[in-house]
Amino acid sequence: MKNNIDVTISLVHYKTPDLLVDCIKSIYNNTKGVTFEIIVADNNSEDNGTSLVKKNFKDVKVIENKKNLYATGANNQVFEKAQGKYFLVLNPDMVFFDDAIAKMVRFLEKNPKIAAVSCFQYRKNNETEFTCSKFSTP
């Protein structure tokens, strides 16, 4: 871990400036007790998303791509710049509450054999969004 950062948060942005801002606000408002960095990779959105981020969140790093590298390419760019011990991949339509990021970091610290985690996701009406399943084999 470089610079004592617990988690790098990768946000790939493509034409969702309001969602991006809401996501970042929720991270700052609902993440306590762990250090984090946020890196936004903009996939040539041609909207005001990156300017909003630069204006409102001085600590957030921004990568501005000249073309759409899609999720994989943009997350790989962030991974190359990541300083955190852990790497969190997010979409801008996510918002956080209840200190979820810190809880995930603490869980990983207590369970060093676990290499990847996910969390419960909820719709706006508080119904669970089923986004994963158990793997029968590795």
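Is Lys15 buried, partly exposed or exposed at 48% relative accessibility? In this predicted model, residues are numbered from 1 along each chain as its sequence is written, and local features need pLDDT of at least 70. Side-chain atom pairs count only at pLDDT 80 or more, totals for chains, interfaces and linings use all residues, and side-chain values use heavy atoms, with hydrogens and water left out.

Lys15 counts as partly exposed at 48% relative accessibility, where buried means under 20% relative accessible area, exposed over 50% and partly exposed in between (1.4 Å probe, protein chains only). Lys15 is placed in the loop between strand 1 and helix 1; here helices (H or I, at least four residues) and strands (E, at least two) are DSSP runs numbered from the N terminus. The phi angle of Lys15 is positive, near 60°, in a residue other than glycine. A positive phi of about 60° is also found at Tyr70, likewise not a glycine. Tyr70 belongs to helix 3 and counts as exposed, with a relative accessibility of 60%.

The strands form an open sheet of four, in the order 3-2-1-4 and with parallel pairing; two strands are taken to pair if DSSP finds at least two bridges between them. Strand 3 (61-64) and strand 4 are the edge strands, each pairing on one side only. From one strand to the next the twist averages 20°, with axes fitted as lines to C-alpha atoms (for helices over the stretch in contact) and angles running from 0 to 180 degrees between N-to-C directions.

Strand 1 (residues 5-13) is mostly covered, nine of its nine residues being buried. Strand 1 is joined to strand 4 (residues 84-90) by six bridges, and these two strands run parallel. In this pairing, Ile5 stands opposite Gly84. Seven bridges connect strand 1 with strand 2 (residues 36-42), again in the parallel sense, and Val7 stands opposite Phe36 of strand 2. Strand 2 pairs in turn with strand 3 over four bridges, in the parallel sense; Ile39 is the residue opposite Lys61 in strand 3. Helix 3 (residues 70-81) packs on the sheet and touches strand 1, strand 2, strand 3 and strand 4, its direction making about 150° with that of strand 1.

Individual residues illustrate the surroundings of these strands. Ile5, in strand 1, is buried, with a relative accessible area of 12%. When neighbours within four places in sequence are left aside, Ile5 is in contact with Thr35, Phe36, Glu37, Gln83, Gly84 and Lys85, contact meaning heavy atoms within 4.5 Å. Ile5 and Ala41 are 36 residues apart along the chain, and their C-alpha atoms are separated by 19 Å.

Val62 in strand 3 counts as partly exposed at 24% relative accessibility. Not counting residues up to four places away in sequence, Val62 touches Val40, Thr50, Val53 and Lys54. Between Val62 and Phe107, 45 residues apart in sequence, the C-alpha to C-alpha distance is 28 Å. Thr50, one of the contacts of Val62, lies in helix 2 and counts as buried at 10% relative accessibility. With its neighbours within four places in sequence left aside, Thr50 is in contact with Asp42, Val62 and Glu64.

On helix 3, Gln77 is in contact with Ala41, Ile63, Asn65 and Leu69, leaving aside neighbours within four places in sequence. Gln77 and Leu52 are 25 residues apart in sequence, with 21 Å between their C-alpha atoms.

Two packed helices are described by the angle between their axes and the distance between the axes. For helix 1 (residues 17-29) and helix 2 (residues 49-56), the axes come within 9 Å and cross at roughly 30°. Helix 1 is therefore roughly parallel to helix 2, since angles under 35 degrees count as roughly parallel, over 145 as roughly antiparallel, 65 to 115 as roughly perpendicular and the rest as oblique. The crossing is right-handed, the near helix being turned clockwise from the far one by less than a right angle. Pro17, Leu20, Val21 and Ile24 of helix 1 meet Gly49, Leu52 and Val53 of helix 2. By class, this contact has six nonpolar, one polar and no charged residues; Ala, Val, Leu, Ile, Met, Phe, Trp, Tyr, Cys and Pro count as nonpolar, Asp, Glu, Lys and Arg as charged, and the others, Gly among them, as polar.
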